[in-house]
Protein chains: 2
Amino acid sequence: MKKYNTSPLSGMQELLPTEQAVFDQLKQNISDVYHHYGFLSIETPLIERTDILLAKAGGDTEKQIYMVSKTAESADAPDQALRFDHTVPLARYVVEHNNDLAFPFQVTQINRNFRGERAQRGRFREFYQCDADIIGREKLPIAYDAKVIACIYDALKTFNLPKMVIRISNRKVLAGFLEALGLTDKATEISGIIDHAEKVPEEKSRAALAELGLSEEQVSKVCAFMFTKGNFEEVSGKLREILGDLTAVEEGLNELKQVTEILEAENTGNFIIDFMIIRGLDYYTGTVFETMLEDYREIGSIASGGRYENLASNFTEQSFPGVGGSIGLTRLFFVLRECNLINMTTTQPIDYVILPLSQNEYEASFELARKLRADGKTVDVDLTERKLGDRFNRAGKIANFAIVIGNDEVIAQKYKAKNLKTGETIELVA
Amino acid sequence: MKKYNTSPLSGMQELLPTEQAVFDQLKQNISDVYHHYGFLSIETPLIERTDILLAKAGGDTEKQIYMVSKTAESADAPDQALRFDHTVPLARYVVEHNNDLAFPFQVTQINRNFRGERAQRGRFREFYQCDADIIGREKLPIAYDAKVIACIYDALKTFNLPKMVIRISNRKVLAGFLEALGLTDKATEISGIIDHAEKVPEEKSRAALAELGLSEEQVSKVCAFMFTKGNFEEVSGKLREILGDLTAVEEGLNELKQVTEILEAENTGNFIIDFMIIRGLDYYTGTVFETMLEDYREIGSIASGGRYENLASNFTEQSFPGVGGSIGLTRLFFVLRECNLINMTTTQPIDYVILPLSQNEYEASFELARKLRADGKTVDVDLTERKLGDRFNRAGKIANFAIVIGNDEVIAQKYKAKNLKTGETIELVA
């Protein structure tokens, strides 16, 4: 017999059933909150035309994209590949179906994406992303930025994580700030330095800025900017201090004001304006945000997103401004487990295992199972004829309760459920 | 601007949000029933090692399998491809994780698979299959065959389809029957002819059998066999009539008896033993079944499955007998819509759209939304500042009710919900 390697491919998540049940519950929680906020689900194919996926590529995308072969029977297909995010397929979907959509189009995609990155512990080549986006036609009020943030925050609240904080910034503030300093031509490099500032000592950021040719005063101002955080009054006070007046950053500040006011009205938890937030992706044009765990900053952002001026600029001349956010669930699940922040052991995936002592009790067992299922319970009827000890052993691995049914129970029509963790027995009310 | 083709690739399902909501509900219904029966979810990667996928290939598989490239950053990966069913990955999973699984392992996989078939209306290259399998270690009682059938039947019942019938056979009955006629060496060809018999006039099947070299008597007996259907007494009576005695088919008949007795005890709906059921796949070794709509036989089987002696024989010398069934949801959804058997128009995906008349009513709107969401409702708050008519128009496309909130409503703390289909207004109890 040929020997096969039966482990999953490197970079792919594969869970045991009890772990999968926890993962699925978290995914369901996110989905429920998104739906409660009025987001509609769509599902685009996992395989797309390569030219659509690479329309605005560059950077790492081309090095990470998985091409998919044609097959002998589908030689008619164009060049195709696995999608690497939900955004490009969403742009294509909106252009293709825009006449049938109601704008603002609030849409969620919770599904797998693929990136053939270098193998690394905790990095996945196939991973779930839970996206929520709101797409306007021609225009989309800034209030929707707050809605996306509130929704994603509420979704994460279902994880019961310690001390979450949403850090919010606005790209227009940064752009205006750099313009006021006469640094617009170095905006990309400076953004990169601010984006990395959290991971290096301040001295390194200063040196990097100086190396770009910034004067000492400019370096100090940029550093003062990137360490600015607080509520709206605090950050605008600080900006006034640095810049003298707020004309250059007025538009961005005004957007931040609206977003934070609505987050207050929405009663959204712990958020802060923080100008160190950049979000690498160059398509963000206004609001940007990240969510962190204050006591686990090493985990990095657990959800993020922002405003993009035009979702589908590569595919159409129509304007579809949008705002969106995403929870990278596969990676998040991995890191939260590493930090013991997910309770993996509370309950088993199945409520009851019924153990008929012989075939004579099958009918009664099926009837009881039907009743319990009608109550929404998950019920397995064990039809093996192994020793009762072995059957209890199996039940303990997957279920919370076992119900033994013998002749006595059938005659009395009374059933007892045994808690497989505590050994406690409770009478079932039929 | 370069012109892009924004339609999904040929053979891929892509739905509008309201259609997707119906599809997702059907998928959820299936998943709920499988879970209620105690099946545990697993999710294997969509990409697998090619040698695993092709370990037992042959037939169409190699012509239809999508190979996946390595990428510049994942050159370390072995040859890989997209899975074409759930069964091969399940076999790998069971071998890989068998020490951590509780046997019998009742497992469900509801997810996408990929086959690069010829493009054809109603055939999909990317499609959902909803599988339920039970895997034993060394042995698995025949009673589990009935459990899989009952579970899949219950899942399909949630679709509210007209007159479903489960047709059940057993490969051992066919094998014994052909052995009794001395036709074992032609079993594969005869199975093929029986498998196709439904789609051609009886004369054609007879001619094909005769062409194989069967005597006129053998042809008549095989035809009598394949048209045999009914309850257990009826089919065993008929077999006795054809064969003279039942020794050769005893084992298969005995299994059929057990399966149908348990289906009776399970209170499973309309089923019939029908020897025309073969199921093409050669790995089935005992029970086989199909489900049909009696009044829509042209649709063909809407769910099917059977018993396989050894799930993982390509990967291990351990024995994992199993029984499983599958609902091909993407194709089923397509054909049921074609036959108008799915109600696409009952309700909208969102319960309420709240329409604040100005920003002054945002806070009250968010508060009402929070309350409704806590009640499990899906609620969109419209934050556009368009004309009320336009906002109602959008609401009507996605929601069942609209709630207008102006200053009066905020002061009175009384809200009215307008049914967007009937125009009727009801007061909300806060």
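In what order do the five strands of the open sheet in chain B run? The order is 14-13-15-16-17, with mixed pairing; strands pair if DSSP finds at least two bridges between them, and strands (E, at least two residues) and helices (H or I, at least four) are DSSP runs numbered from the N terminus. This is a predicted model, in which local features need pLDDT of at least 70, side-chain atom pairs count only at pLDDT 80 or more, and totals for chains, interfaces and linings use all residues. Residues are numbered from 1 along each chain as its sequence is written, while chains are lettered from A and ligands numbered from 1 in the order in which they are written.

The edges of the sheet are strand 14 (379-381) and strand 17 (425-428) of chain B, each pairing on one side only. Strand 15 (residues 399-405) and strand 16 (residues 415-419) of chain B pair in the antiparallel sense over three bridges; B:Ala402 has B:Lys418 of strand 16 as its bridge partner.

In chain A, the axes of helix 5 (residues 143-157) and helix 11 (residues 250-265) come within 8 Å and cross at roughly 45°, the axes being lines fitted to C-alpha atoms over the stretch in contact, with angles from 0 to 180 degrees between N-to-C directions.

Between the chains, 86 residues of chain A are in contact with 86 residues of chain B, contact meaning C-beta atoms, placed from the backbone, within 7 Å. Helix 1 (residues 17-36) of chain A gives the most to the side of chain A that touches chain B, with six residues.

Terms used
Two residues are in contact if their C-beta atoms, placed from the backbone, lie within 7 Å.
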